[in-house]
Amino acid sequence: MRRASLASRARVTLAALATLVALLATAATLLAREAAAHPLAPSLLGLRETQAGTFAVRWKTSALRPTGTRIEPHLPAWCARTGDERAHDGPTWRERRFTIDCGARGLVGGEVSVSDLAESGTVAVLRIELADGRVVRALLDGARPALVVPERESRLAIARGYLVLGVEHLLTGLDHLLFVLCLCLLVRGRTLLWTITAFTVGHSVTLTLATLGFVRFPQAVAEAAIALSIVLLAAEILRDDAAAREATSSARTSWIRRRPWSVAFAFGLLHGLGFAGALSETGLPDADVPLALLSFNLGIELGQLAFVAALLVVAATLRPWLVRLPSTALRIPAYAVGTLGAYWLVARSETLLGMVLRI
């Protein structure tokens with residue numbers, strides 16, 4: 001009786017998790033046209049001093065933004081644009097490049113900001129390279145949309161900036177979140193802890209190796225593989241549910257069911273390559289590479305743990321209401337997640353094919 005009770009509770013928890021997945025995946029599907037990668041990824045504002053007082057500016061932001069917001073960079077009043085602006089837009093992002101002349105005052109002591117970060121719920125990565133080799137980095141958000149350029153960047157500021165960047169990248173990466181959700185749907189109990197840990201170890205390894213330049217892997221291939229991993233897990237959820245309804249153990253014969261930690265580790269290697277893409281845009285401080293890399297990795301883990309914890313709390317809270325759901329309701333989120341993963345796979349494969357044909 002106790003074993004049956006535990007099994008029943010597990011099925012109820014699974015129903016709660018599945019319902020939450022369905023809600024998230026349905027909302028994501030409505031945005032699928034823009035969801036090929038990370039539509040609300042951090043904006044990037046880079047300023048590189050090419051000669052005394054003159055800066056080459058690079059502004060890159062998402063093509064998707066909430067209605068009524070205008071996410072734009074703002075530079076000190078004494079800095080004037082020179083030359084023509086060059087635009088380069090991709091399927092999910094927009095990039096502008098131009099030059100500014102700040103005269104003898106330069107940027108030190110001036111305020112650099114990005115508008116509407118609070119209203120849009122996004123962040124902006126700021127990177128300033130001065131002619132004497134100094135580099136200033138900061139993460140601008142709704143609570144801190146502006147920075148007065150200091151003489152030097154403190155180590156505490158570096159750690160904070162990369163930590164928040166890691167959290168934001170994880171929580172705005174819908175594909176990574178859906179993968180973790182699928183793991184929670186497939187694995188329960190103590191095994192879930194080991195599975196999530198294996199996923200963490202896997203993406204930490206490739207994130208570190210790729211960021212430091214020891215591993216080079218096409219980002220487009222990694223993104224397509226991440227989408228494929230979501231499709232495979234969604235298919236396994238359907239297979240597991242069918243076996244449970246038929247009172248068979250056939251679902252446990254699959255490798256994913258028998259060794260979920262090994263599958264999570266393998267897919268984690270792919271997801272780590274996707275995480276490394278965020279750092280490739282931002283860069284790492286030459287004098288504090290270990291600190292920045294550790295902070296970014298820690299930020300990803302904190303975001304992941306917070307997401308799993310919130311998921312379990314919601315599942316426990318909704319359990320009394322969701323226990324009345326028919327068992328067939330478990331198939332809805334699996335189809336929703338699998339469909340979205342398949343859309344990403346096709347869209348990202350199309351982008352990859354386009355790149356190959358242009359070579």
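**Reading the cysteines, strands and core**

Mentor: The link between Cys79 and Cys102 is right-handed, with 110 degrees about the S-S bond. This is a predicted model, in which local features need pLDDT of at least 70, side-chain atom pairs count only at pLDDT 80 or more, and totals for chains, interfaces and linings use all residues. Residues are numbered from 1 along each chain as its sequence is written, and side-chain values use heavy atoms, with hydrogens and water left out.

Trainee: What makes the link of Cys79 and Cys102 a disulfide?

Mentor: A disulfide is a pair of cysteine sulfur atoms within 2.5 Å. The S to S distance from Cys79 to Cys102 is 2.0 Å, so the pair meets the cut-off of 2.5 Å. By this rule the count is 1 disulfide. Cys79 sits in the loop between β3 (73-74) and β4 (80-89), and Cys102 in the loop between β5 (93-101) and β6 (111-114), so the link ties together parts that are 23 residues apart in sequence. Strands here are DSSP runs of E with at least two residues, and helices are runs of H or I with at least four, numbered from the N terminus.

Trainee: Is Cys182 buried or exposed?

Mentor: Buried means under 20% relative accessible area, exposed means over 50%, and partly exposed lies in between (1.4 Å probe, protein chains only). Cys182 has 1% relative accessibility, so it counts as buried. Cys184 is buried at 2%, Cys102 at 3% and Cys79 at 14%.

Trainee: Why is strand β8 called largely enclosed?

Mentor: In β8 (residues 135-140), 5 of the 6 residues are buried, so the rest of the structure largely encloses this strand.

Trainee: Why are β3 and β9 called edge strands?

Mentor: The open sheet of 3 strands has the order β3-β6-β9, with antiparallel pairing. β3 and β9 (146-148) each have a single partner strand, so one side of each is left without a neighbour in the sheet. β3 and β6 pair over 2 bridges, and Pro73 stands opposite Val114 in β6.

Trainee: Why does Phe214 count as exposed?

Mentor: Phe214 has a relative accessible area of 66%, so it counts as exposed. Its place is in the loop between α5 and α6 (219-245). Phe214 also belongs to a nonpolar surface patch of about 670 Å², along with residues including Val201 and Phe265.

Trainee: Which residues have the most contacts inside the largest nonpolar core?

Mentor: A nonpolar core is a set of buried Ala, Val, Leu, Ile, Met, Phe, Trp, Tyr and Cys residues joined through side-chain atoms within 4.5 Å. The largest core has 49 residues, and those with the most contacts inside it are Tyr162, Leu233 and Leu279. Its largest share, 10 residues, comes from α4.

Methods:
Patches are made of residues with over 30% relative accessible area and no salt bridge: like charges are joined within 9 Å, nonpolar side chains (Val, Leu, Ile, Met, Phe, Trp, Tyr) within 5 Å. Accessible areas come from the Shrake-Rupley method with a 1.4 Å probe; for residues, only the protein chains shown count as cover. A salt bridge is a side-chain nitrogen of Lys or Arg within 4 Å of a carboxyl oxygen of Asp or Glu. Two strands pair if DSSP finds at least two bridges between them.
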